[in-house]
Amino acid sequence: TKAKEESLFTLYLDNSVYPLLLLVNDEPKVVVTADVKNNDNPVKIEGSPATTSLNEFMKTGNQKWEELNVIGMRLDSLIKANATDSLTVPLSEKGKVMLADFRNYVSGFVKNAKSPVVSVFPLNDRYGRLFDIQEYDSLINTIEQKFPEHKGIGMVKKAFVDQVAAMQQQQQQQAPPEKWTGKQAPEFTLPDLSGKNIALSSFKGKYLLVDFWASWCGPCRMENPNVVAAYAKFKSKNFTILGVSLDEKKDAWEEAVQKDGLTWAQVSDLKYWESSVVPLYGIEGIPYNVLLDPSGKIIAENLRGPYLEQKLQQVLQ
């Protein structure tokens, strides 16, 4: 298996549709034993710790995917059947825990792998989508620093950068039409976690991001790290955030605020989609946000991912 550097190889048999195995050439001699007439017999690989590690990862990863899929299908069936929150919410929470465990497993595997090829493998399309852009970038940088001489990792990073650029361009082209930009933000007053009423107008004089979200909203929770990072970077520049939750259970709302590190003001009437802000702002889905200037006029909306920081950088120079 001599080559210029460690790589991942796929071994096919003649006329076969699926590969017999994946193989990492981490050692000069690797022995593969397979029964080509009986696919039920497992392939045996000796002399390649990297290949063994890769196979163990795929076995565990596939199992975790299947468990998540089962939860997803059950939840989808309950929602279609108009099941009560008492049935859907616990299942949704279980799915969140399992997803977090899966992400931790993949992230830990990437960081601890002793092979450059094995460490970068979990960042393919299937497993890579478990992470947001910042987490993905951080993992690639960790691998690159650990194996600086491996050229293949540099190619993976370049492909990632190109993919992000293409995705950003596509998002700009497919962005939903702006409903509020250029208009005054509709006033509302809602209670915070302590029960104190907070009015939107009390933030006049500052740039304010009004962030509509909920603890039960998976995309919202995945977006929260971007919002936290933006707050940390710009809070000293006359900028703050008002979180508006569409939760209906205070304990779940409060737990999510603490767990996600949302240190800015948070309000909610705990009425789920019956919240007064939903028709007021014409909210059709969350996460959703609007950015207000110091006069209370909306200057941008739907700022997600890197676009939030880019816009704040532009207006808070």
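Mentor: Let's start with a definition: helices (H or I, at least four residues) and strands (E, at least two) are DSSP runs, numbered from the N terminus. This is a predicted model, where local features need pLDDT of at least 70 and side-chain atom pairs count only at pLDDT 80 or more, while totals for chains, interfaces and linings use all residues. Residues are numbered from 1 along each chain as its sequence is written, and side-chain values use heavy atoms, with hydrogens and water left out.

Trainee: Thanks! In which loop is Lys271 found, and how far is its C-alpha atom from that of Glu248?

Mentor: Lys271 is found in the loop between E9 and H9. Along the chain, Lys271 and Glu248 are 23 residues apart.

Trainee: Is Lys271 buried, partly exposed or exposed?

Mentor: Buried means under 20% relative accessible area, exposed over 50%, and partly exposed in between (1.4 Å probe, protein chains only). Lys271 has a relative accessibility of 48%, so this residue counts as partly exposed.

Trainee: What is phi of Leu270?

Mentor: Leu270 lies in the loop between strand E9 (265-267) and H9, and is partly exposed at 28% relative accessible area. Its phi is positive in a residue other than glycine, near 55 degrees.

Trainee: And why does Asn82 count as exposed?

Mentor: Asn82 is found in the loop between H1 and helix H2 (85-112), and its phi is a positive value near 55 degrees. Asn82 counts as exposed because its relative accessibility is 69%.

Trainee: Is Thr51 buried or exposed, and which residue has its backbone nitrogen 2.9 Å from a polar atom of the Thr51 side chain?

Mentor: Thr51 lies in helix H1 (residues 49-80) and is buried, because its relative accessible area is 0%. Not counting residues up to four places away in sequence, Thr51 touches Leu22, Leu23, Val24 and Ile45, where contact means heavy atoms within 4.5 Å. The backbone nitrogen 2.9 Å from a polar atom of the Thr51 side chain belongs to Val24.

Trainee: Where is Pro287, and what is omega of the cis peptide bond?

Mentor: The place of Pro287 is in the loop between H9 and E10. The cis peptide bond joins Ile286 and Pro287, with omega at about 5 degrees.

Trainee: Finally, what percentage of the residues in the protein chain is buried?

Mentor: The protein chain has 10 helices and 11 strands. Its C-alpha atoms fill a box of roughly 70 × 50 × 35 Å, taken along the principal axes. Of the 317 residues in the protein chain, the buried ones make up 40%.

Note on methods
Polar contact = N/O pair within 3.5 Å; in protein donor to acceptor, adjacent residues only side chain to side chain.
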